[in-house]
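Thank you all for coming. I would like to take you through one structure this morning, going from its metal site to its pockets and then to one of its sheets.

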Amino acid sequence: MDRSVILIKNGHVIDPVSGLDGIRDVLVSDGKIAKIAEKIDEKSLAEGTEVIDAGEKIVAPGFVDVHVHFRDPGFTEKEDIYTGAKAAAKGGFTSVVMMANTKPTIDNVDTLKYVLDKGAETGINVYACANVTMGMKGETLTDMDSLKAAGAVGFTDDGIPLVREDIVLKAMEKSKELDLPLSFHEEDPSVIENNGINRGKASEHFGIGGSPRQAEINMISRDIELAKKTGAVIDIQHISTKEGVELVRQAKAAGVNIHAEATPHHFSLTEEAAIEHGTMAKMNPPLREEADRQAVAEGLADGTIDMIATDHAPHTAEEKARELTKAPSGIIGLETALPLAVMNLLDTGKMRIRSLMASMSTNAARLYKLDAGYIAEGGPADIVIFDTDSKYVYRKEDIASKASNTPFIGCELKGKVHYTICKGRIVYKA
Ligand SMILES: [Zn+2]
């Protein structure tokens with residue numbers, strides 16, 4: 001399956017960087033894109049060249065997800081780096097950035113090295129953020145210099161909000177000096193009664209306090225002020241409220257170096273899904289209201305939100321079978337990201353394919369300084385080949401992830417990955 005020379009014929013090639021948007025042949029050799037032309041004669045190529053007919057399909061930069069939880073080390077009953085990478089490849093992703101809430105957490109160089117070394121065996125590009133604070137306790141900064149030197153592409157305590165303002169300020173000053181992004185899980189715990197369920201219709205349905213939108217507004221507001229002061233590059237993770245989107249929009253307009261991620265579930269679902277699916281639609285921050293869902297889509301469309309990032313968060317069936325307030329938050333997302341984007345952003349006319357591709361690869365690669373997110377001669381042969389028309393029912397037995405905690409099982413999806421090529425090798429074939 002993995003030959004070193006691959007000719008992709010007749011694909012609709014989309015490159016958000018150069019603006020290329022047309023039918024081309026693409027030749028892959030030795031891990032790089034060797035040639036892009038209107039016609040490449042296969043007879044001129046060496047014997048054994050793999051030829052992929054991509055007629056009527058889109059050929060785009062492999063997707064880049066800057067927010068995945070691969071649970072390794074420490075929670076490999078949920079997922080490990082190998083199965084996480086398989087799920088990524090199946091979803092069209094060729095580069096992922098692991099979050100650092102493993103056990104031990106990635107607050108030290110040894111754990112970071114373990115993650116990166118194991119990731120290097122997977123066939124896709126596995127990167128990692130390191131922690132902002134030791135043990136994610138929010139009190140003492142990690143040795144950010146040596147973590148950067150060991151390969152961290154950013155810093156985050158994702159999973160646990162950073163409560164102490166003085167710590168955030170110091171972290172911003174340091175990350176600014178290191179020129180790496182700092183990404184934030186923005187939920188103020190002081191106003192949350194129960195994680196993962198929106199305060200409003202859903203929390204009332206379950207008779208619990210839930211998590212109010214104010215939790216997100218409080219922390220985004222604070223971090224915008226701190227970013228203004230420090231000039232740090234910040235990334236607001238999994239934005240969920242219309243107010244949050246508007247705060248980011250205004251901060252960008254004011255020149256703050258702020259970026260934002262949206263998950264597929266936040267532009268696809270509302271708190272109605274939590275009412276219907278219970279723990280399978282419990283996540284932090286929670287699914288909100290229709291106006292919020294629309295605002296997230298609008299934010300992606302106008303560039304306020306730079307990136308689609310899945311927050312792929314595997315958990316075991318046993319954990320998700322617990323009662324609502326005791327079950328962990330999060331759903332898997334790598335294998336449904338493309339179809340959800342097709343159905344909720346493309347088919348609704350909110351986004352065009354080229355800007356959608358930028359939000360699924362180019363923008364994330366730029367922010368995290370990854371050599372990815374473009375299709376050009378001499379560039380990396382990280383490519384996804386997909387269509388936006390195939391309809392199929394998403395079945396549990398088709399999931400490549402070790403986990404299956406998702407409310408989308410049994411749903412009809414539209415848009416399908418046919419091939420994922422990473423570093424010049426086919427890492428997924430439908
Ligand atoms: Zn988070």
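Let me begin with a definition: helices (H or I, at least four residues) and strands (E, at least two) are DSSP runs, numbered from the N terminus. Please keep in mind that this is a predicted model, in which local features need pLDDT of at least 70 and side-chain atom pairs count only at pLDDT 80 or more, while totals for chains, interfaces and linings use all residues. Residues are numbered from 1 along each chain as its sequence is written, and side-chain values use heavy atoms, with hydrogens and water left out.

Which residues coordinate the zinc ion? They are Asp 158 through OD, His 185 through ND1 and His 238 through NE2, at 1.9 to 2.3 Å. Donors here are N, O and S atoms within 2.8 Å of the metal (3.2 Å for Na, K and Ca), and since water is not among the atoms, sites may look incomplete. Along the chain the donors follow the spacing D-x26-H-x52-H. Asp 158, in the loop between strand E9 (155-156) and helix H4 (165-178), and His 185, in the loop between strand E10 (182-184) and helix H5 (201-206), are 27 residues apart, and the pair links distant parts of the chain. Asp 158 is buried, with a relative accessible area of 2%, and His 185 is buried too, at 6%, where buried means under 20%, exposed over 50% and partly exposed in between (1.4 Å probe, protein chains only).

Now to the pockets. On a 1 Å grid over the protein atoms alone, a pocket is an open set of points with protein on both sides within 12 Å along at least five of seven lines, whereas a cavity is a set where a 1.4 Å probe fits but cannot get out; lining residues have an atom within 4 Å of a point. Grid points are joined across faces, edges and corners, and a volume is the space filled by probe spheres set on the points.

The largest pocket has a volume of about 460 Å³, and of the 23 residues that line it, those closest to its centre are Arg 71, Asn 101, Gly 159, His 315 and Ser 329. The second largest pocket, of about 270 Å³, is lined by 14 residues, with Lys 90, Glu 335, Tyr 392, Lys 416 and Tyr 428 nearest its centre. Strand E15 (412-422) is one of the elements that each supply at least two residues of this lining, and E15 gives the largest share, three residues.

Finally, the sheet: three strands form an open sheet in the order E6-E7-E8, with parallel pairing, where two strands pair if DSSP finds at least two bridges between them.
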